Amino acid sequence: MNTIWTRHHIISLANFLPAEYNMVLQTAASFQEVLSRRVKKVPTLQGQVVANLFFEPSTRTRNSFELAAKRLSADTLNFAPATSSLTKGETILDTAKTYLAMGTNIMVIRHREAGVPQAIADEMDRLESRVSVLNAGDGQHEHPSQALLDLFTICSVLDPKQPKIELLQNKKVTIVGDILHSRVARSNIWSLTAAGAEVHLAGPPTLLPKLFADWIPENQEDSPITERKLFLHWDVEPALKDADFVMTLRLQRERMTQHLLPSLREYHQKYGITRTRLKLCKSGVRVLHPGPVNRGVEISSDLMDDPEFSLISQQVTSGVAIRMALLYLIGGGKS
Amino acid sequence: MNTIWTRHHIISLANFLPAEYNMVLQTAASFQEVLSRRVKKVPTLQGQVVANLFFEPSTRTRNSFELAAKRLSADTLNFAPATSSLTKGETILDTAKTYLAMGTNIMVIRHREAGVPQAIADEMDRLESRVSVLNAGDGQHEHPSQALLDLFTICSVLDPKQPKIELLQNKKVTIVGDILHSRVARSNIWSLTAAGAEVHLAGPPTLLPKLFADWIPENQEDSPITERKLFLHWDVEPALKDADFVMTLRLQRERMTQHLLPSLREYHQKYGITRTRLKLCKSGVRVLHPGPVNRGVEISSDLMDDPEFSLISQQVTSGVAIRMALLYLIGGGKS
Amino acid sequence: MNTIWTRHHIISLANFLPAEYNMVLQTAASFQEVLSRRVKKVPTLQGQVVANLFFEPSTRTRNSFELAAKRLSADTLNFAPATSSLTKGETILDTAKTYLAMGTNIMVIRHREAGVPQAIADEMDRLESRVSVLNAGDGQHEHPSQALLDLFTICSVLDPKQPKIELLQNKKVTIVGDILHSRVARSNIWSLTAAGAEVHLAGPPTLLPKLFADWIPENQEDSPITERKLFLHWDVEPALKDADFVMTLRLQRERMTQHLLPSLREYHQKYGITRTRLKLCKSGVRVLHPGPVNRGVEISSDLMDDPEFSLISQQVTSGVAIRMALLYLIGGGKS
């Protein structure tokens, strides 16, 4: 299947092609099947090295990538910032080059600053290495694997056998919360609008982009999508009206000390997802959250645990399948 | 052998059956044999995931479980509290559910609060998952794998070929130290008394339970053992008299700042295990310590290194075999 | 090949034999070849345990050893000082004995105090264990695997097919920087002089040994090398004159707070390696650095990135091959 896969790095979804989305979804679906077997391993990446360079720590995401790599039989290396050479004054690019020289095939990179994965990918190409770079979250820029696992989770709800983006045509997806600072929201906007969904963004004015066109260009020169259906709301109710899927974003507690938020409680009152608010949505609406969840803040505790509405566990499960798919597609046939 | 093993989680030894103890001992003995081979791996848990959720850090215990899992060919995930989502306000149950959703088969859990492994096991059952939970130490409650490796070490001394609890019938085992706060002591009391041994507890009054019956119920309603031979001593000498085995417990330095202890030196003078004190015991007496040891506090340094008396190294070796046995018994035939 | 390899531990290069150097170089060369294959694994250490006991943290060196071990199919255990029993008052030897009792076959040890790996090796021998100890850097004493990877890198430049120490006969190698506190310099002095190279040491007087003979004995009683060609310089220029290879050492920022250095900038002006200074060397001179590099301090940034001169990436790559070779030679035929 990956004979026609050409993308070498996965940094952003801004210029992802519909065919690429579908290839990722189909590959993930086939790995879901592998994961249902007793022995969940395939030899695809045997003898290859996947280095998780998490300059910004995240146990859950790192473990998800680690498990995906191990199930493809790769060897994994974990880079621990605390005890790293960075504290010894080494530059990020030099750290990456060290892992290149050690024989790394794929670098999974998370950093609190936007652009770091791209910079490392550029350097790897400049050096004519065959290393692939996978963005595991960079600052407030993008988090492609999260958006792809969200996409996979949603499409699998609509058609477990044949998840494909066409299923989202004209569906209404509402994203609620701190849009402005969210790399998850940004990546999801690219994928969901590319799939033809109507995307509604709702949150406190302080957490919404002011000059929207600046924040996310109407049309990136290299974007294949001519028109994106995107709407902004300061109130959550109109955004939720007739929604097919609702995504709540994690609220960073820092936002309060930054005076962007009055209080978590007030946030929950105005923007928290509750059973009452869900009544505004289409029947059969499902709720997603990238986790970790602040129970009773972004979403009411009982709703989060209600399998009729919550897709949160499916998202985590999809995460392993999606990351296997991404490592497989960019790592396939490496030596 | 595990065709008749029915226990799904291992949280406490309070209601362990004699047949279960012996099955663990025999399984561990067979793994001891595997560990003496050149290639120490068996494919039992190939493709399964063992997640070490050590909310309370412990390198030695985590590495022991990790090695046991690897030797059963399982994939392992390590949860690092420092960089974990807990610091981001996620609940412990949500963390566990994340690892469930990732595809974990067995969770090995350590937490500074009693009851956490049970709570996670209950949640796993409520969700009708097939995940097994193994308590790796919870607060001052229990530490089953430690007590089982102690039991295995002792029984292997008495009969290396056929370790079984019947060998402890009417043996005298003395546990010395901070009984009150020790999960190791508590788990050992269940196993040793279940084996029919006479268990003598000795320590400073401040580190002994006041209302003994409250601390450890004479008879748990669900306990299979009708009568337990248990004795308390404020002085160590009568406790040591004619003892077959002596267990010293690690002394937490916090106890002093809590004014429960005058000084480490005074503690050693009154309760430290020395060659002189061992003369009170049966000849051939052996000494155990769960480690890490404060040399010259719980036990005199030279005694700790004397293979004629000390079983400390054997305990660590038994630890890997016992943990392989436990993972094998609860993980057997998982998918 | 390792039928004639007799060394059980690798702690120091002071008494390494020429035949041993060449055996390491040839073994590393054969593993370089393995690393060029698509599947980079060999089953040599299958089922054996390599424990990385890094009392002094170092992600890059630990990952290099970890990767080498995994490519020999060994199981690896990582000891994390932060959460270790050391904080609980356990002695270093007791920690090592715990890993011995768990079934470790090879211990890779880094510690900020000189002599620790030797002390652990002595204890392992005293206990008649078959565990091998590999020094991964001890205080200001030695860092054998670093010196061996430097040697391998240099010899591979001179003859990629047949790296052997004879190639260094009468070559001039210049080591620049904080010689006094450098375990890297010390180990390199043993290997390079044993190879018959002329070794020139240059650095600020405060960072050079005062009583040279005390710092590094003219002739160790057990050293096989009768005469070592070693020269000291306070200025870098005469040291660089006609050099074939230049090694720059990492400068520890602590040195300044210790008043051993005026400023990093002044250090670079007087001892930094630049294109201009390299003109003093033989044409075709190559530059090495153990990393991590302080760009613009030990070496000018552009020079570091110039493949015509810099061997820094090759050093990292050689590191994995050399560590595979060392684990293979000392671990071969272990049970």
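This is a predicted model: local features need pLDDT of at least 70, side-chain atom pairs count only at pLDDT 80 or more; totals for chains, interfaces and linings use all residues.
B:Thr76 is buried, for its relative accessible area is 5%, and buried means under 20%. Leave aside residues up to four places away in sequence, and B:Thr76 touches A:Lys70, B:Val50, B:Glu66, B:Ala69 and B:Lys70. One of these partners, A:Lys70, is in chain A.

Stay in chain B and go to a ring. B:Phe65 has B:Arg323 over its face. The distance to the ring centre is 4.7 Å. Now turn to chain C. There the charged end of C:Arg323 sits over the ring of C:Phe65. Here, too, the distance from the centre is 4.7 Å.

Next come two helices of chain A. Two packed helices are described by the angle between their axes and the distance between the axes. Helix H1 of chain A runs over residues 18-35, and helix H13 of chain A over residues 312-331. Their axes come within 8 Å of each other. They cross at roughly 120°. The crossing of H1(A) and H13(A) is right-handed.

Which residues of H1(A) and H13(A) make the contact? From H1(A) come A:Met23, A:Val24, A:Thr27, A:Ala28, A:Phe31, A:Gln32 and A:Leu35. From H13(A) come A:Thr317, A:Ser318, A:Val320, A:Ala321, A:Ile322, A:Met324, A:Ala325, A:Leu326, A:Tyr328 and A:Leu329. Sorted by class, the contact of H1(A) with H13(A) has 13 nonpolar residues and four polar ones. It has no charged residues.

Two residues of that contact, A:Phe31 and A:Tyr328, lead on to the aromatic rings. A pair of aromatic rings is described by the distance of the centres and the angle of the planes. Over all chains, the structure holds 18 aromatic pairs. A:Phe31 and A:Tyr328 form one such pair, with 5.5 Å from centre to centre. The planes are 75° apart, and the pair is edge-to-face, since planes over 60 degrees apart count as such. A:Phe31 sits in helix H1 of chain A and A:Tyr328 in helix H13 of chain A. The pair thus links distant parts of the chain, 297 residues apart. Is A:Phe31 buried or exposed? Its relative accessibility is 6%, so A:Phe31 counts as buried.

Chain C has a pair to set beside this one. C:Phe31 and C:Tyr328 are edge-to-face, 5.5 Å centre to centre, with 75° between the planes. C:Phe31 lies in helix H1 of chain C, residues 18-35, and C:Tyr328 lies in helix H13 of chain C, residues 312-331. The pair therefore ties together parts that are 297 residues apart in sequence. C:Phe31 counts as buried because its relative accessibility is 6%.

Back in chain A, ring pairs also build a cluster. Its members are A:Trp5, A:Phe16 and A:Tyr21.

Now follow the loops. In chain C, C:Phe55 lies in the loop between strand S1 (49-54) and helix H2 (59-71). C:Phe55 counts as buried, at 6% relative accessibility. Its C-alpha atom and that of C:Asp138 are separated by 9.8 Å. Along the chain, C:Phe55 and C:Asp138 are 83 residues apart.

In chain B, the loop between strand S8 (245-248) and helix H9 (254-257) holds B:Arg250. B:Arg250 is buried, with a relative accessible area of 12%. The C-alpha atoms of B:Arg250 and B:Thr276 are separated by 20 Å, and these residues are 26 apart along the chain.

Two further loops show a feature of the backbone. The peptide bond from B:Gly291 to B:Pro292 is cis, with omega near -10°. B:Pro292 is placed in the loop between strand S9 (286-288) and helix H12 (301-304) of chain B. In chain C, a cis peptide bond joins C:Gly291 and C:Pro292, with omega about -10°. C:Pro292 is in the loop between strand S9 (286-288) and helix H12 (301-304) of chain C.

B:Glu128 is not a glycine, yet its phi is positive, near 55°. Its loop runs between helix H4 (116-126) and strand S4 (132-138) of chain B. B:Glu128 counts as exposed, at 73% relative accessibility. B:Asn170 is not a glycine either, and its phi is positive, about 60°. B:Asn170 is placed in the loop between helix H5 (144-158) and strand S5 (172-176) of chain B. At 57% relative accessibility, B:Asn170 counts as exposed.

Note on methods
Residues are numbered from 1 along each chain as its sequence is written. Chains are lettered from A and ligands numbered from 1 in the order in which they are written. Side-chain values use heavy atoms; hydrogens and water are left out. Axes are lines fitted to C-alpha atoms, for helices over the stretch in contact, and angles run from 0 to 180 degrees between N-to-C directions. Helices (H or I, at least four residues) and strands (E, at least two) are DSSP runs, numbered from the N terminus. A crossing is left-handed if the near helix is turned anticlockwise from the far one by less than a right angle, and right-handed if clockwise. Contact means heavy atoms within 4.5 Å. Ala, Val, Leu, Ile, Met, Phe, Trp, Tyr, Cys and Pro count as nonpolar, Asp, Glu, Lys and Arg as charged, and the others, Gly among them, as polar. Rings of Phe, Tyr and Trp (its six-membered ring) pair if their centres lie within 6.5 Å; planes under 30 degrees apart count as stacked, over 60 as edge-to-face and the rest as tilted. Buried means under 20% relative accessible area, exposed over 50%, partly exposed in between (1.4 Å probe, protein chains only). A charge sits over a ring if NZ of Lys or CZ of Arg is within 6 Å of the ring centre and within 35 degrees of the ring normal.
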